[in-house]
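Hello,

Here is the structure I promised you. Please open it and keep it beside this email as you read.

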Amino acid sequence: CCVVLCRYAKGGKKIGKGPMVEKGDVVKKGQTVAFVEQMGTFTPVLAKQAGEISKFEIEEGDPVGYGQALVSVYPFFGGHIIGESK
């Protein structure tokens, strides 16, 4: 398995330029933030919570294992983002 940060259509054709989300982007719970590619099949990686992308733990194309952290997110609870400077 390897991680893919760009958008892909069925058949593995790349769509658009750049990553789906970048550091500093705000994501919603359930939003696709990346894909894991395994033998030509792209499985979406979904945000487990709403928040701001703080950093990517991996680079595109890196091999990944089951349960490995791929993205760090500052959680959002409706008032402010945890870790945000005031």
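**What was found**

Strand β5 (residues 32-38) is mostly covered, with five of its seven residues buried. Buried means under 20% relative accessible area, with exposed over 50% and partly exposed in between (1.4 Å probe, protein chains only). Strands are DSSP runs of E, at least two residues long, numbered from the N terminus.

This is a predicted model, where local features need pLDDT of at least 70 and side-chain atom pairs count only at pLDDT 80 or more, while totals for chains, interfaces and linings use all residues. Residues are numbered from 1 along each chain as its sequence is written, and side-chain values use heavy atoms, leaving out hydrogens and water.

Now the pairing. Two strands pair if DSSP finds at least two bridges between them. β5 runs antiparallel to strand β6 (residues 41-46), and six bridges join them. Alanine 34 sits opposite valine 45 in β6. Two residues lie between the strands of this hairpin, where methionine 39 has a positive phi near 50 degrees.

Next, the core. The largest nonpolar core has 11 residues, among them Val27, Val33, Ala34, Val36 and Val45. β5 gives the largest share of this core, three residues. Such a core is a set of buried Ala, Val, Leu, Ile, Met, Phe, Trp, Tyr and Cys residues joined through side-chain atoms within 4.5 Å.

Last, β7. Strand β4 (residues 26-27) pairs with strand β7 (residues 51-56) in the antiparallel sense over two bridges. Valine 27 stands opposite glycine 51 in β7. Glycine 51 also stands opposite proline 75 in β8. Five bridges join β7 to the antiparallel strand β8 (residues 71-75).

Best wishes

Technical notes: Helix = DSSP H or I, 4+ residues; strand = E, 2+ residues; numbered from the N terminus.
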